[in-house]
Every structure is written in structure tokens, then in C-alpha cells.
Amino acid sequence: MSEKVNVFINGTAREIEAGTRILDYLISQDIQHPHVCYSEILGPVQSCDTCMCEVNGTIMRACSTVMEEGMNILTASEVAKKAQEEAMDRILENHLLYCTVCDNNNGNCRVHNTAEMMGVQHQTRPHRSKGYEVDMSHPFYRYDPDQCILCGRCVETCQDLQVNETLMIDWESQQPRVLWDGGKSINESSCVSCGQCVTVCPCNALMEKSMLGNAGFMTGIEDDLLTPMIDLVKAVEPDYQTIFAVSEVEAAMRDTRIKKTKTVCTFCGVGCSFEVWTKDHEILKIEPSENAPVNSVSTCVKGKFGWDFVNSKERITTPLIRKGDVFVEASWDEALDLVAEKLGGIKDTYGSDALGFIASSKITNEENYLIQKLSRQVFGTNNVDNCSRYCQSPASWGLQQTGGIGGDSATIQDIAGAGLVILVGCAPAEGHPVLATRIKRAHKLHGQKLITIDVRKHEMADRADLFVRPRQGTDYVWLSAVTKYIIDQGWHDEEFIQKHVNHYDEFLNMIAPYTLEEAERMTGISQEALIQIAEMIHDADGTAICWGMGVTQNIAGSHTSVAIANLLLATGNMMRRNAGAFPLRGHNNVQGAADMGTMPNIFPGYQQVASDEVRTKFEKAYGVTLPAKPGLDNIEMLEAIDKGELKGMYIVGEDMAWVDADSNHTQAMLAKLDFLVVQEIFLTTTAQFADVILPGVPSLEKEGTFTNTERRVQRLYQALETTGDSKPDWWILQQVANHMGFNWNYTHPSEIFSEMASLTPFFKHCNYNVLEGWNSFTWGSPDGTDTPVLYLDGFNFPDKKARFGLFDYVPPVEFPDEFDLALDNGRLLEHFHEGNLTHKSEGLQYKFPKVFVEVSPELAKERGVKDGTIVRLVSPYGAIRLPVLVTDRVEGKTVYVPMHSSSHESAVNLLTGGAVDVVTHTPAYKQTKVRMEVLEIDGENPLPRFNPRNATRTPQMGLEIYRKWERGDYVPISSVNEQVKPGLYDRRNA
Amino acid sequence: MAQPIKIIKKVELTEEQQKAQSLESLLSEVAQNKDSLLDTLQLLQELHKSGILDAMNSLVKAKEQVAKIAVGQMTREPVTNLINNAMAAGGALTTLDPEMTKKLMNGVANGLEKAEQGLQSNSKVGILDLLKVLNDPDINRAIGFGLNLLKGVGEGLKD
């Protein structure tokens with residue numbers, strides 16, 4: 001039992017949990033009370049002063065006052081009301097209430113709603129301009145100082161929640177306002193366009209440009225009419241309740257034509273959910289919600305602003321059939337008949353295994369389930385795979401070997417709550433931005449420690465307590481050496497190991513050779529640094545290790561993932577909260593695609609196709625005999641094409657031509673197929689090789705579920721009508737099956753999910769009702785219950801014990817000496833994957849127009865290149881041509897190329913190739929060496945001047961509200977003005 | 001060998017085909033909404049006959065101009081004063097107690113009747129008569145009411 005205190009609230013005695021703040025309690029009891037700046041996420045910002053109460057006769061803020069025994073709290077006494085009204089009057093001096101012609105009048109404007117709730121009639125301080133221009137410089141949002149109430153929610157969010165540290169308020173100036181980097185235009189600042197400031201703005205001072213003139217019935221009016229109308233309202237001075245009433249009528253009208261639909265983001269594996277606001281087929285804005293289980297109000301630039309592709313004119317909106325050297329539009333029946341005839345013909349002539357199916361990490365669980373069903377039931381082959389083969393299969397495999405389940409061992413809250421986070425070969429501030437914010441916040445406010453281990457010095461390296469650059473591909477070695485050192489020092493968790501982990505003695509033998517000296521020699525990491533890593537793990541209450549492609553896209557990717565799990569097991573960092581293993585999934589449904597069994601050896605839920613018992617279950621459900629032998633993976637399928645064994649392929653939503661390594665080879669193989677079906681939304685390079693293109697739809701035009709990196713299943717609802725003659729991908733797959741003579745009869749994705757769950761123990765207790773609205777389900781228990789943290793009841797093996805993995809180090813591949821530069825590659829914040837989606841956004845292209853090669857200052861000096869110099873990079877597999885960007889993010893002879901190109905001139909996978917992970921065949925994209933030829937010395941800097949990477953952040957601890965109180969002209973309302981330490985009330989583990 | 005194709009040959013509908021397609025979809029809508037359409041046609045006919053339709057058409061065509069003129073007119077000071085007065089008066093009236101108003105109105109009506117009777121009698125009123133009638137309870141109540149009313153108005157003017 002937690003401690004209680006007894007207080008009086010408006011004369012009523014109440015027993016309340018000790019430590020509760022007044023406002024939190026009022027909110028929890030649905031007692032209406034004014035407040036503008038407070039947020040359960042940010043805690044008390046203490047800037048708006050509207051939440052004043054009378055507490056034991058003095059005036060106190062409800063947001064920051066913790067209730068104490070015997071307190072007498074009056075929320076609406078004359079004294080309290082007068083204080084609240086004074087505060088609102090000060091706000092309205094800064095904000096003009098032209099609600100009816102304001103694009104933010106959508107029923108959720110906090111300033112409007114609070115003023116109305118308080119019954120404000122008039123103001124004593126007239127509204128006055130602050131004397132600053134509206135800042136329209138940024139492509140995605142604008143700031144209007146004259147509407148800004150200086151509540152500082154945006155500053156608090158930028159500094160301490162997103163932790164990009166750009167916004168501030170200059171409290172000391174004559175007329176404070178929000179500043180970007182201390183006074184730059186928004187566009188030229190370090191702002192990374194995450195949009196969270198706009199989301200938390202309680203009025204219309206910060207607005208998405210897509211909303212302006214678009215949301216209201218009268219907001220599209222030209223300025224020469226709008227200004228007189230606002231003047232009229234001002235001159236007439238109606239009492240505000242009349243204004244509110246009229247604007248509410250208008251807001252209600254808007255509600256009939258603006259559709260608000262919950263969806264799940266598709267730009268990485270974090271699984272942000274939010275509402276998308278649409279008007280007909282136009283996307284007005286993305287509106288995050290505190291109800292979202294993963295991201296709350298947070299987004300990144302792509303999730304908030306990157307959806308232009310949905311309405312791109314380049315969408316394929318009708319089935320296309322290859323005829324001679326053009327694609328010709330066709331009806332669905334023509335296209336489906338042809339698909340059935342050709343694929344059926346190949347099956348009849350060459351056998352089932354002459355066909356291959358590629359599913360997608362971008363489509364839904366239901367669609368992935370149907371693809372494996374189509375492949376196995378309809379066409380009789382296990383040749384089915386998905387693109388996790390290109391990224392995270394080694395991590396899944398490594399975790400299956402050690403703990404039994406191939407997924408993150410806990411949630412994003414556990415990463416935030418860990419005492420130490422170690423990032424290995426991943427750059428979450430670029431690739432998983434919202435997840436990175438949670439680490440940055442914990443690091444800034446809660447004393448979390450951060451170690452970053454990467455060959456490239458990205459933002460999380462800048463912020464780390466310890467940043468280490470290992471030799472490429474040697475992570476296995478330092479992981480094993482640190483584990484050995486910890487055990488040698490007696491810092492391991494002997495009791496945990498004895499009780500919960502098998503193979504300890506064999507493991508000790510295996511890591512015996514990895515002394516600190518040996519590790520230093522092999523990895524290039526100093527012994528001091530290795531010891532420091534060990535000490536930091538030892539000192540931390542909970543270590544969470546996140547890793548990405550820097551680990552998995554190596555030939556030792558699988559074994560290195562095991563080494564990570566071994567380290568966590570040895571130190572007792574599994575089977576608990578605020579610790580664990582976190583392979584960061586790169587796409588919205590990487591986890592789900594594998595979960596749904598679009599892999600050659602497993603049915604949904606990792607049930608082995610080789611198991612007679614499992615197969616019998618599926619044979620009974622599918623009414624056919626199923627093949628027992630595992631099929632071919634992506635890589636093997638291409639080999640089989642080369643050997644003439646694989647004749648037909650069906651690829652859904654994957655631009656394999658660019659995302660597989662060695663693109664020249666991949667494209668040559670696609671050209672060799674007898675028949676290729678591609679289900680796509682754009683004419684991608686892969687689709688250009690197709691014989692039939694079937695137009696699917698993006699996530700906003702269909703229903704389904706995605707599974708994020710936490711194993712969390714979330715529903716997406718249909719926000720928009722399908723475009724043209726395009727169809728939901730599940731509908732298309734059903735039609736293909738039915739044209740092959742089967743009788744699939746799903747009318748809604750929920751029925752597909754139910755069928756899957758009935759065959760898959762992990763999902764036994766999950767269905768569309770469980771997932772309603774903002775609800776979610778994290779799979780991970782054999783009994784099929786919700787399991788945010790894995791293994792709390794034992795590991796997923798028959799004896800419930802984990803296993804130290806006993807897999808050896810595999811050194812990186814060697815290249816001929818002429819290839820003297822190590823080629824690192826990956827993704828950067830503004831774009832997704834090869835760019836097929838994000839290149840359609842004008843704003844994103846403006847901020848990040850083209851790819852480049854990052855060259856270290858020392859290499860630039862040696863080769864005589866500078867920003868904008870055009871170079872050719874040549875590997876044994878191909879060559880690309882692109883401009884140079886000189887930066888100390890890379891060091892020495894390492895160069896870095898972002899993967900966001902689908903051009904034959906600059907796509908990085910023209911260079912990669914050859915080697916693959918020893919277990920899972922994931923291409924060793926990161927083990928590529930190149931040589932550099934200088935083509936033209938002078939050229940344009942590929943990174944625009946106004947890209948945030950060119951600006952310097954301006955960190956401070958939140959809003960620093962005390963600086964406002966220190967102003968000579970500040971007249972306090974509250975009896976006490978004491979700053980609450982940022983993050984003090986963060987309920988991250990509540 | 002399948003070479004990559006970047007060209008999509010769109011099915012180009014002839015003008016006739018496009019027209020036919022449009023008409024077809026229109027006809028199916030008409031068939032589905034026969035009753036409401038007939039009602040609407042009748043209404044339109046009436047509006048047309050009376051000339052209202054013609055006027056509305058012109059008004060809508062000139063909507064931007066009209067709105068600007070209207071708003072321009074309304075922002076003139078006499079008009080904003082008028083609106084403010086109307087709103088102030090409206091606001092003042094809403095604070096009156098309807099019961100009291102009713103009583104007052106009854107009193108005034110009754111007073112007018114008595115005054116009419118007084119006029120008819122055509123008798124002269126002297127100073128003594130004035131002092132005498134102060135004792136009359138009805139007159140005393142009316143004078144008290146008047147004095148208090150004046151006090152209230154005075155207070156209201158102070159702010």
C-alpha cells in the first residue's frame with residue numbers, strides 16, 4: 001500500500017496517494033480546471049499561470065504543487081478565480097481570438113477551450129503585436145509571433161523531449177518570442193523538422209503549412225478580405241463567449257468534412273501511431289496523440305511531413321501488362337487471368353519450386369500471411385522470403401539461439417529506463433528518430449549513460465559518454481573481450497547464470513582467447529576503453545544494447561548478435577525491465593513479415609515447416625499437402641534463377657533491384673525470369689522488369705496491422721479511398737488465389753488475422769477487438785498473452801533456461817589492395833530506403849536533394865577533394881558517381897554513402913556485393929571496399945546551406961522559466977515561484 | 001530476357017467514350033435519386049419564375065466583391081458603434097429580472113390610467129397637496145422607486 005494523505009478539495013475531504021500533484025488529481029477525477037501549458041508528458045512547465053488554486057489561503061499552481069496532509073485546496077474561490085483570470089488576460093494580450101477564421105479552430109485548441117471554459121468575457125489588456133514578422137521560411141511549418149502566448153511548450157519539447165535543442169525563448173529581451181538557434185530563421189536553424197513543437201503548440205502560433213488556408217470554411221479567404229474581417233471582430237468587441245459560440249459552430253461544421261483516422265507510420269520500425277487528418281483525398285496534417293503507446297506526441301520529419309507520395313501523380317493506378325517495349329493498361333480480370341495462366345503454367349511445367357515469392361516489410365501482417373499462404377497452399381512451394389533477409393535476420397537468429405525468441409526483449413520504455421544504453425552499429429537519431437529521442441531525454445535528464453560504438457560519428461556518438469570506433473566488422477571481438485573481463489573481475493551475475501543459463505563452462509572456454517590485449521589488436525579499441533565499457537555495464541542498473549545494420553550486415557552478423565546476447569546473459573540483463581536486447585527493426589513491419597512466416601523454413605509464429613506436427617496442422621487448415629523441405633531464401637532464389645531452376649517470381653512491395661546487394665547482378669537475374677509479377681504502388685526499377693504489374697495501395701488506403709520493433713501489433717485504419725483502380729494488397733492476393741481455382745473468401749483483414757491467430761500460439765489471445773483504436777498487443781509468450789517484457793517467466797526453451805551461444809568469430813572479407821577505402825553505408829534522417837517514397841516530397845527533397853559520399857578531412861586533404869568535388873567510387877562489383885561532402889563524421893580511409901538513391905548513377909548497392917552472413921545469408925553490405933577516382937574538382941556542395949547538419953544546436957535545460965520570473969516587469973501571480981527540475985516528474989516507468 | 005520498361009501506354013479514351021462514360025454514371029445517379037431530383041426541379045422552377053434564382057446567381061458570381069463591400073461597410077465607425085450599442089443594450093436587457101420588468105410595466109400602465117383620470121378632472125395641485133400625497137402609500141412607493149432607480153443609474157455611470 002502506498003502512503004496516503006488527507007486533503008480538502010473545495011470543502012470535500014479526500015484521501016489521495018502521497019506525492020500526487022493537484023492538477024494531476026483534478027484531471028484524473030475529471031474535475032474541470034483551467035490549464036494551458038501543462039502536459040502529462042512534459043510535466044509542469046509553469047508558464048501559463050492559469051491553473052492557480054487557493055491552497056491554505058495562498059495562491060499556488062495546481063500543476064506543480066504536491067498535495068500534503070491537511071491541505072485545504074479551493075479551485076474556484078474568488079481568490080483563485082481572480083488569479084486565473086489575471087493569467088488568462090496576460091495570455092490574451094499575446095493572442096488574438098479570430099477563431100472562426102483560424103485554421104487551428106478544430107475543437108482541440110487549448111487556448112480557445114480554456115478561455116471558454118473559464119467563461120472569459122473581455123480582456124483588460126488589449127492584444128498587441130510583438131513587432132516581429134511571421135517566419136514562413138521553413139518548408140513544413142510557420143511561426144506567428146503575434147499569436148504566440150509564450151507558454152514555452154514548444155521549447156520544453158524541443159529541448160527535453162525531442163532533445164534537438166534548437167528552440168528557446170529570449171526571456172531577457174524587451175519583447176520575448178520563440179527563437180531558433182538564438183535568432184536564425186527556422187529554415188537555417190538546426191531544426192530537424194520533427195514537428196513536435198507544432199504538435200504541442202496550444203494555439204495557432206506554430207502551424208503546419210499544409211493546414212494554412214485549408215482547414216476552415218473561411219480560412220482560405222485572401223488577406224485583403226481576411227484582415228478587414230478580423231478588424232471588424234476587433235472593432236465590434238463582442239463578448240468572447242459569442243466569439244466562442246460562433247467558432248464552435250464552425251468547428252462542428254469542419255468536423256463533418258475533415259476525417260481523422262488513426263494510422264501507424266511506415267518509415268521505420270519504431271511503430272509511431274497518430275491520426276491523419278484528411279479532406280477528401282488531401283492530407284491536411286499528421287496529429288499525434290498522447291494515447292499512442294510508443295511515441296505519444298513524438299514524430300520525426302518523415303512521419304509528420306513525409307506523406308506526399310500517397311497523392312503522387314506517379315502512382316500506378318491500373319493493372320499493367322508488358323506488351324513489346326511498353327506497359328499497357330489492362331483490366332483486373334485480364335491481368336489476373338494472365339498471372340494465373342503464366343504462374344500456373346510454370347508450376348505445371350517445371351514444378352512448384354520453379355516459383356519464388358518475395359513479401360514485404362512495408363505491407364501488413366495480414367498481407368504477409370496471405371503471401372506465405374499463396375506460396376504454400378496455392379503454388380505448393382516454400383520458396384518465400386521477405387526483406388528482413390537484407391537487414392535483421394542475423395539478429396533474430398542470434399536471439400533465437402540464446403533466449404528462444406527473435407525480437408526485442410522489452411519495450412521502448414525499457415530502453416528509456418535503462419541505466420546504460422549501448423548502441424552498436426546503429427544510428428537511431430537518423431534511422432529510428434523517435435526511439436533516439438527517448439535515449440536523448442533519459443541521458444539529458446535522468447542520468448542515463450550512453451556508449452556508442454560505430455565507425456561513423458553520428459549524433460548519438462556526439463552525445464555519448466563514451467564513443468568508440470572499432471575496426472569494421474570486429475564487434476564480436478570486443479563484445480567477447482568485455483564479457484570475459486567482466487567475468488574475470490567477478491562482476492558477472494553468477495546466481496542468474498547458474499539459475500537461468502545453460503552452457504556456461506563451454507562458453508568460458510570459448511571466450512578464453514579474447515583477452516584485452518588480443519581485442520585491442522583486432523578491433524583497434526584501446527584496453528582502457530574496453531575496461532571503461534565493462535565498468536559502465538557493471539555500474540549500471542540495467543544495460544540495454546541496441547544494434548542495427550552495422551552489426552548484422554557483416555559475414556559475422558549472426559554470431560555477433562549471439563555475442564551481444566551472451567554479454568547480456570552473463571550480466572543478468574535479461575528477464576528484467578529496463579534492460580535487454582534491442583535489434584532496431586528498420587521498417588514498419590520487418591518484425592511482422594517474419595512473424596507471419598514469409599520465410600522459407602517457417603510458418604507464422606516461427607513454427608518449423610520441417611515439423612510433421614506443425615505441417616499437419618496447416619495441411620488441415622489449408623486443405624492441401626504442404627512441402628516439408630524448407631525453400632529458398634532471397635539470395636538462393638537469385639542463384640536458382642541463374643542456374644535456370646527458378647522461372648517465375650512474384651514480388652510484393654520490395655524494390656529488390658536496388659535493395660539487394662550487387663544491383664547489377666540482381667537486375668540481370670530479374671531480366672532472366674520467364675515471368676515476373678510485381679505488386680507495387682510506383683513503377684520502381686524492379687517493376688520495370690515485370691510482365692504484369694498489379695497496383696497495390698499505400699498504408700493510408702487500407703486496413704490491417706503492423707508489428708513494430710517491440711513486437712507490438714497495432715491497427716491501421718483506412719484514411720483515404722483507394723486511388724484509381726488500385727486495390728488493397730490483401731484483396732489482390734485473394735484474387736490471384738481465386739483465379740488459380742481456390743476459394744478464398746475474406747471480406748475484411750480482421751478475418752485474415754483471426755485465421756492466422758487460430759494457427760499461431762503466440763497470437764492466441766490477439767484479435768481486432770483487442771487492437772481497437774490506440775490499443776496494442778505485444779506477442780512473446782507461448783500461451784499467446786500480451787508480453788511487453790520477454791522471459792519474465794523463463795526463456796522460450798523446454799527447460800525455461802537460456803543458452804550461451806557457442807559460435808565463433810568470423811573475420812571480415814579481404815579485398816584486393818587497390819580497393820583501399822572502406823565503404824560504410826546506411827540511411828539518414830530525411831529519406832527512407834532507396835527513396836521511392838520520400839523523393840516524392842518536395843519539402844524533403846528541398847532539405848536533402850541528393851546523395852553524396854562523406855569523406856574525412858584527412859582523406860580529402862590527401863586526395864585533393866573538397867565539398868562538391870565529383871568522384872567515382874569503384875568496387876569489384878560496380879561503380880557510382882557522386883559529389884563529395886567533407887566531414888569528420890567519418891575518419892581516415894572510411895567513406896560513407898547514404899542509400900537513398902534509385903539511380904543507376906548513384907545507388908550504393910551497385911558497389912556492394914558478394915559476401916553474406918555465414919548463417920542467414922544477409923548480404924555483408926557493410927563489408928565493401930572501394931577506390932576513389934576524382935572526376936571534377938569544383939562542384940556544388942551536395943548538402944544545402946539550410947540543411948540542419950550545417951547549423952549548431954543551442955542546448956539548455958528546458959524552458960528555463962525562472963528567467964521569466966527574474967524579469968523586472970514580471971508581477972508574480974503565484975505565492976511561490978520555484979522551478980521544477982526538468983524531468984523530475986517524468987513517469988517513464990509508471 | 002525481359003528488358004526494363006519505363007513507358008506506360010495509357011488507354012486513351014476518345015472524347016465520345018469519355019462523354020458516354022460520364023453520361024452513364026450520371027444516369028445511374030439520376031435513377032437512384034428520382035424523387036429528390038423531381039422535388040428539386042420544382043423548387044428551381046419556382047425560384048426561376050420569381051427571379052430569385054437570377055439575383056442569387058449574380059450575387060454568387062460577385063461574392064468576393066460583395067463580401068468586401070459588406071465587410072467594408074460594417075467596419076465603418078457608425079456601424080461598429082451601432083453594433084456595439086445594440087450588443088450593449090442587448091447585454092443590459094439580459095441582466096434585468098423579467099419579474100421586476102413585468103411589475104414595472106404594470107405599474108406604468110396603471111399610472112398612465114390614473115394620470116388620464118387626473119387630466120380629465122382638470123383640478124389644480126398646490127404645494128400642500130404635494131406634501132399631503134407623500135403620505136399616500138402608492139405615491140410614496142413610486143417616489144421611493146424613482147429615487148432608488150436614480151441612485152442605481154448614478155452608480156452605473158461611476159465606472
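Because the model is predicted, local features are given only where pLDDT is at least 70 and side-chain atom pairs count only at pLDDT 80 or more, whereas totals for chains, interfaces and linings use all residues. Residues are numbered from 1 along each chain as its sequence is written, and chains are lettered from A, and ligands numbered from 1, in the order in which they are written.

Chain A is divided into domain 1 (4-90), domain 2 (120-309 + 957-965), domain 3 (320-390 + 590-801), domain 4 (393-583) and domain 5 (821-946), the bounds being taken from an automatic or database domain assignment. The C-alpha centres of domain 2 and domain 5 of chain A are 36 Å apart, and 13 residues of domain 2 of chain A are in contact with 13 residues of domain 5 of chain A, contact being defined by C-beta atoms, placed from the backbone, that lie within 7 Å. On the side of domain 2 of chain A that touches domain 5 of chain A there are eight nonpolar, two polar and three charged residues, where Ala, Val, Leu, Ile, Met, Phe, Trp, Tyr, Cys and Pro count as nonpolar, Asp, Glu, Lys and Arg as charged, and the others, Gly among them, as polar.

Strand E17 of chain A spans residues 420-424, strands being DSSP runs (E) of at least two residues and helices DSSP runs (H or I) of at least four, numbered from the N terminus. Five of the five residues of E17(A) are buried, so the strand is largely enclosed by the rest of the structure; a residue is buried if 20 or more other C-beta atoms, placed from the backbone, lie within 10 Å of its own.

Helix H29 of chain A (residues 729-739) has among its buried residues Trp730(A), Ile732(A), Leu733(A) and Val736(A). The cover over the buried residues of H29(A) includes helix H9 (332-350), helix H10 (365-378) and strand E25 (648-652) of chain A. Gly741(A), with a positive phi near 95°, follows H29(A).

Glu208(A) lies in strand E9 (residues 206-208) of chain A and counts as buried because it has 23 C-beta neighbours inside 10 Å. Apart from residues up to four places away in sequence, Glu208(A) touches Phe140(A), Tyr141(A), Val198(A) and Lys285(A).

The contact between the chains takes 21 residues from chain B and 25 residues from chain A. On the side of chain B that touches chain A, strand E1 (8-9), helix H4 (63-74) and helix H5 (77-94) of chain B each give two or more residues, and H4(B) gives the largest share, five residues. Two bridges join E1(B) to strand E14 (residues 326-329) of chain A, and these strands run parallel, with Phe327(A) opposite Ile8(B).

How values were computed. A residue is buried if 20 or more other C-beta atoms lie within 10 Å of its own, exposed if 12 or fewer, and partly exposed in between; C-beta atoms are placed from the backbone. Two residues are in contact if their C-beta atoms, placed from the backbone, lie within 7 Å. Two strands pair if DSSP finds at least two bridges between them.
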